[in-house]
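Subject: Structure for you to look at

Hello,

Here is the structure I promised to pass on to you. Please open it alongside this message, so that you can follow each point on screen as you read.

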Amino acid sequence: MSARLRTAALTALVLLAQSQIADAHIVNARLGDFYAGALHPLLTLQDMLVLVALGVLAGSLGAASGRWLVVVFPLGLCAGLGLAVAASIAPVPPVVDAATILLLGLLLAASLRIPVALLCAIAFALGMMRGAANAGELVPQTDRLLYAAGLACAGYVTITLVMAVALTFRRPDTEPVSSWRGIALRAIGGWVAAVGLMMAGLSFAT
Amino acid sequence: MTVARALLSVVLALAGLLLARPAVAHQATIAVLEFREMRAGVYIGRWTTLPKDGANRIDLRMPPHCLLRLPELNCGDKGLVGQMTIANLGEDMSAAIIRVTSLAGETRSYTISAANPVVTVLGTDAPTLDTWIELAKTYVNLGIDHILLGADHLLFVLGLIWIVQGGWRLLKTITAFTIGHSVSLAVTAFGLIGVPEAPLNACIGLSIVFVGVEIVKQQRGEIGLTAKYPWAVAFGFGLVHGIGFASALAGLGLERRILPAALLFFNVGVEIGQILFVTLVLALIWAHRRLGAELPRWGAELPAYAIGSVSMFWFLSRLVRVLAAA
Amino acid sequence: MMARKLLYSTLAVAPLLLLTASPGLAHEQTGVSGGLANGLLHPLTGLDHLVAMVAVGIWGAQLGGVAIWVLPIVFPLVMAFGAVLGILKIGLPVPELVIALSGLILGLAVALRVRVPFAAAAAIVAVFAIFHGHAHGVELPTAANPLAYGCGFVVATGLLHACGITIGALARWPVGERVIQGVGAAIAALGGYFLVASLGAAA
C-alpha cells in the first residue's frame with residue numbers, strides 16, 4: 001500500500017467520521033426505500049463497526065476463505081431482516097451486541113486460523129443480528145422488498161471492499177509474524193475488542 | 001476477467017428489477033400552486049394542479065410575517081419575501097411548483113422538491129450570489145437524485161463498463177456518453193426538439209437490451225459494434241438517454257432566464273451521480289478480482305442474460321403503455 | 001521505516017482533522033459526530049494523557065522485541081478494562097496522582113534508557129493503562145453517543161502510540177538517540193510538573 005493511498009484512506013475515514021449523519025427518514029423521502037435500506041447501515045456506527053471488523057478479519061484470513069462472505073453476509077442480513085419482520089422478535093440486548101464486537105476483535109487480535117465453515121457461520125450469524133437490528137427502521141409504508149435489497153447491497157458492497165483492502169494490506173504468508181502489516185491488522189482487532197469491552201461495561205452500568 | 005463482474009451485475013439487475021416500481025412512480029406528479037397579487041402584499045392563491053393526496057395534506061409554510069389562509073395570503077407591507085417550505089414532500093409527490101404573479105404582472109416560478117424543500121423568494125432586485133447558490137443546490141441535488149433513481153441509466157452504464165473493461169477506452173466511452181446526453185438534454189430543455197415520453201422510455205429500455213446482446217456476443221468471441229466503436233455507441237445512446245433526463249426538468253415550469261443555469265447545475269448533478277456509480281463499480285470489480293470471487297464457468301453468461309431480461313421487461317412494459325395510449 | 005510512513009500519513013491528515021473538527025467544537029456536540037469528536041479529542045487535549053501515551057510508544061520501541069507488537073495489540077484492551085471500571089463508577093485511589101506519576105516514570109525510563117525485563121515493563125504499563133482508561137471511561141456514559149466516544153478515544157490512543165513508536169524508530173541514527181532522550185526528559189519534566197500540581201491540589 002503506497003503512502004499516498006494510505007493517506008487517502010485515512011483522509012476518507014476522517015471525513016466520513018466528521019460528516020453529518022443524515023437522517024434515514026430524509027433519505028427515505030428523497031430517494032425511496034432502496035436507498036433508505038442501503039444508507040441506514042452505512043450511517044449507523046454500530047453496523048459499520050461490525051462490517052469493518054468482520055471484513056478485516058475475513059480479509060486477513062486470505063482470499064480462499066474470505067470470498068464466501070461476499071454471498072453469505074448479505075444473505076444473513078436478509079434472513080435477519082425477514083425473521084425480524086415475520087416473527088417480530090425483539091432485537092438482541094445491548095450486552096450481546098457488545099459481546100459480539102468484543103469476540104470479533106479478539107479473534108482478529110489473536111490472528112487465529114479460522115476454518116472457512118466457521119467463518120461463514122460467524123458471518124451469517126452477525127448478518128442476521130444486524131439485519132434484525134435494521135428492521136427497527138421499517139414503518140408500515142416501507143416497501144419491505146426494496147428496503148431488504150438496499151440493505152443487502154450495502155452489506156455486500158461494504159464487506160467486499162473492506163475484505164479486498166484488508167487482503168491487499170495484510171502480511172504475505174512468507175513474511176514473519178512480527179511484520180508490521182500483520183501487527184497493524186491485529187492492532188485494529190485490539191481496538192475493536194476494546195470498544196466491545198467498554199460497551200459491555202456500559203450495558204451493565206445502567 | 002469478464003466473470004469478475006458477474007456477481008455485481010446480478011445484484012444490480014435484481015436491484016433494477018426492484019427499482020422499476022419507484023422509477024415508474026417518480027414519473028412526476030407535480031403539483032402547481034399559483035398566487036396572484038391582488039393589492040400590495042395580498043395574494044389570492046389556488047392549486048391549478050392538485051397534489052395527488054389532496055391539498056389539505058400539504059404542509060406548506062410561508063415566511064413568518066405572512067398569514068396564509070387559502071385562498072388568501074396576506075404578507076403586509078413587506079410583501080412575499082423570505083422562505084417558503086413544504087416539509088412533507090415524499091413518495092407520492094416529487095415536486096411542487098409555486099407561481100407568483102406580482103401586481104406588475106411579472107410571474108416567477110419556484111420549484112420545491114423533496115431534495116430541496118425550502119426556496120427563498122427574493123425581492124424584485126437582480127439575482128444575488130445567494131440566489132445562485134440556492135439554484136445550484138436545488139438543481140445539483142435534483143440531478144443526483146435523478147441518476148441514482150434511474151436504474152435504467154445505471155444499468156446501461158454498467159453494460160458499457162462491462163464491454164469496454166476499464167482503462168483509457170472506458171474513460172473515452174463514458175465521456176462520449178456524457179457529451180451525448182448533455183447535448184440532447186440541452187436541446188430538449190430549450191424546446192428545440194420534443195419527443196413524447198412514453199416511446200422514448202421504450203427506446204431507453206431497448207438500448208439496454210442492445211448492450212446485453214453485445215455482452216453475450218463478446219462472451220462468444222464475436223466482435224460486436226460496441227466492442228469496435230464503444231464511443232460511437234455510447235454517444236448515440238447518450239443522445240437518447242439525455243432526452244430522458246430532460247423529462248425530469250420539463251415539468252418544472254422554469255423561468256426562461258434561469259433555464260441555462262438550472263440546466264447546467266442539473267447536468268453537473270447527473271455527472272456527479274454517474275462518477276460515483278462508475279467509481280463504485282470499478283472498485284467492486286477490483287475487489288472481486290482481488291478476492292478471486294468469480295462465478296463458475298457454467299454461470300458466466302448469467303449476468304448478461306439478467307441484464308437482457310430486465311431491460312427486455314422494461315421495453316415490453318413501456319411498449320404496452322405506448323400502444324395503450326395510442 | 002514503516003513507522004515513518006505512518007507518521008507522514010498521520011501528519012498529512014492531522015491538519016484536516018483539526019480544520020474539520022473546529023466547527024464541530026463550536027456547536028453543541030450531538031449524535032455520532034459529537035461523540036466521536038469528543039472521544040478523539042479527550043486523550044489529545046489532556047496533556048498529561050497525551051505525553052504518557054507517547055512515552056509508552058517510545059519505550060515499547062526502545063525495549064524492542066516482543067514489546068513492539070504486544071503493546072499496540074494488548075494495550076487498548078487493558079485500557080478498556082480500566083474504562084469499564086470508570087463506567088461502573090468503581091473508584092481508583094488517587095487517579096490524578098498516578099496519571100501524573102505515569103508521565104514522570106515513563107519519561108524517565110525513556111530518557112535514561114532503562115532496560116527492564118519484559119514482564120516488569122508490561123506490568124508497569126498495564127497499571128498506568130488502567131488508570132488512564134479509567135479517566136476516559138468515567139466520561140463515557142455521559143457522552144453524546146457512548147459508542148462513538150469509545151471508538152474515538154481508542155483510535156486517538158492508538159495513533160498516539162503510533163507517534164511514540166515512530167519517535168522510537170529514530171533510534172537507528174545516533175542523533176535520533178539523543179532526540180529520543182530529549183523527548184523523554186521533556187515528558188518526565190511535564191510529568192513532574194503535573195505531579196507537583198496534583199500534590200498541591202491535594203494539600
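Does C:K89 count as buried or exposed, and why? Before the answer, please keep in mind that this is a predicted model. C:K89 counts as exposed because it has 10 C-beta neighbours inside 10 Å, and a residue is called exposed when that number is 12 or fewer. You will find C:K89 in the loop between α4 (67-87) and α5 (95-111) of chain C, and its backbone has a positive phi of about 60° although the residue is not a glycine.

C:R113, which is not a glycine either, has a positive phi of about 50°, and its place is in the loop between α5 and α6 (118-139) of chain C. With 14 C-beta neighbours inside 10 Å, C:R113 counts as partly exposed.

Staying with chain C, you could turn next to a pair of helices. Two packed helices are described by the angle between their axes and by the distance between those axes. Helix α3 of chain C, which covers residues 47-63, packs with α5(C) at an angle of about 30°, and the two axes are 9 Å apart; the crossing of α3(C) and α5(C) is left-handed. On the side of α3(C) the contact includes C:D48, C:V51, C:A52 and C:W59, while on the side of α5(C) it includes C:I99, C:S102, C:G103 and C:L106. Sorted by class, the residues in the contact of α3(C) with α5(C) are 11 nonpolar, four polar and one charged.

Chain B comes next, and it has nine helices together with nine strands. Of its 326 residues, 40% count as buried, and among the contacts in chain B with a separation of 6 or more, 79% are between residues 24 or more positions apart.

α3(B) is mostly covered, with 14 of its 14 residues buried, and just after the helix B:Q165 takes a positive phi of about 70°.

α3(B) also packs with helix α9 of chain B (residues 302-325), at an angle of about 145° and with the axes 11 Å apart, and the crossing of these two helices, α3(B) and α9(B), is left-handed. The contact is made by B:D152, B:L155 and B:G159 from α3(B), and by B:I307, B:V310, B:S311 and B:W314 from α9(B). By class, the residues in the contact of α3(B) with α9(B) are four nonpolar, two polar and one charged.

Finally, there are the nonpolar cores. The largest of them has 193 residues, and within it A:A53 and A:M198 touch the most other members. Helix α9 of chain A (residues 144-169) gives the largest share of this core, with 18 residues. Leaving aside residues up to four places away in sequence, A:A53 touches A:I101, A:L104, A:G105, A:L108 and A:V192.

With best wishes

Methods:
Residues numbered from 1 in each chain as written. Chains lettered and ligands numbered in written order. Predicted model: local features only at pLDDT ≥ 70, side-chain atom pairs only at ≥ 80, totals over all residues. Buried ≥ 20, exposed ≤ 12 C-beta atoms within 10 Å, placed from the backbone. Helix = DSSP H or I, 4+ residues; strand = E, 2+ residues; numbered from the N terminus. Core = buried A, V, L, I, M, F, W, Y, C linked by C-beta atoms within 7 Å. Contact = placed C-beta atoms within 7 Å. Axes fitted to C-alpha atoms, helices over the stretch in contact; angles between N-to-C directions. Left-handed = near helix turned anticlockwise from the far one by under 90°. Nonpolar A, V, L, I, M, F, W, Y, C, P; charged D, E, K, R; others polar.
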